[in-house]
Amino acid sequence: MTVPDGLDLVGATARWTAAARALERERPDALLDDPWAAALAGEEGMAWLAGQAPGATLPMVLRARFFDDWLGEAMRGERAPRQAVLLGCGLDTRAWRLRWPEGVAVFEVDRAAILERKASLLEAAGARPACRRVAVAADLTADWGAALLGAGLDPTAPAAWLAEGLLFYLPDPALRAVFAAATRLSAPGSRLGFDIPSRAVLTSPWTRPWLDMQAAAGAPWLGAMDDPVAELAVLGWRAAVAQPGESGPGRERWTLPVPPAGARELPHSWYVTAVRAA
Ligand SMILES: C[S@@+](CC[C@H](N)C(=O)[O-])C[C@H]1O[C@@H](n2cnc3c(N)ncnc32)[C@H](O)[C@@H]1O
């Protein structure tokens, strides 16, 4: 099923995160500065935002800032990757708004309708990519690796992979397949960043209203991981986890307790960062 302007129902959630970035931009202490977010969110995104409780978008903002900082760090230095892959990039404008080192290629992978909508809106706004941006239209539950290779990803050179706000929409087999494919295409020294809920998020009464809202919008949360460090180790990645409110910019705006990482029965939002071992 599609919604106006050809986005599918999960794709339409990209307008929500764009709306969250637009709202953040209005704060004097903004953690993000995405000048195109409001235009990309459009009326539908801003209408969704108007229906949310105050603070509901903070997790999206903290996550975006965490991965902005991580990506900046991952791409810095002489031996850092010179290619980045943004899986499920949606209406995110990192390829335009971040400062990329000279010569970096950024592959944006999402469905064609989203990539086209973003490119045409940004072009109309006079925005120019700050890197060599390559759009790769693909279904991440199918065989997307070939499309990425066809678009020029070099699997013999390290890459920085980011999957933000994506993996909870994928059922378990598709989730595993995304990691398997990214691993196959990752030379040693590659980096991987993603966020994912723990399984308790999918069942906890505390998260139920948010999950019900997502499901009612046709974008149910399905994917989860309890121990990303162990699961990634099996694939040859050295991983670490962080949680919102734990540290870093915006920490003081987080008012909920940060659950101990080992408490499986409690819901966790994992920010995972990893390096592909040699
Ligand atoms: C919540 S949005 C997040 C977008 C962006 N990463 C951000 O943080 O603003 C989820 C994105 O995942 C994409 N997505 C979900 N399932 C997908 C699939 N099977 N194939 C390609 N893209 C998918 C959607 O199209 C959408 O752009």
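Colleague: Which residues does Val258 touch, not counting residues up to four places away in sequence?

Modeller: Val258 touches Gln243, Gly245 and Glu246. Contact means C-beta atoms, placed from the backbone, within 7 Å. This is a predicted model, where local features need pLDDT of at least 70, side-chain atom pairs count only at pLDDT 80 or more, and totals for chains, interfaces and linings use all residues. Residues are numbered from 1 along each chain as its sequence is written.

Colleague: Where does Val258 lie?

Modeller: In the loop between strand 6 (237-242) and strand 7 (269-276). Strands (E, at least two residues) and helices (H or I, at least four) are DSSP runs, numbered from the N terminus.

Colleague: Why does Val258 count as partly exposed?

Modeller: Because Val258 has 16 C-beta neighbours inside 10 Å. Buried needs 20 or more other C-beta atoms within 10 Å, exposed means 12 or fewer, and partly exposed is in between; C-beta atoms are placed from the backbone.

Colleague: New topic. In what order do the strands form the sheet?

Modeller: The 7 strands run 3-2-1-4-5-7-6 in an open sheet with mixed pairing. Strands pair if DSSP finds at least two bridges between them.

Colleague: Which are the edge strands?

Modeller: Strand 3 (132-137) and strand 6, each pairing on one side only.

Colleague: How many bridges join strand 1 to strand 4?

Modeller: 4, and the two strands, residues 83-87 and 160-163, run parallel. Leu87 has Ala163 in strand 4 as its bridge partner.

Technical notes:
Two residues are in contact if their C-beta atoms, placed from the backbone, lie within 7 Å.
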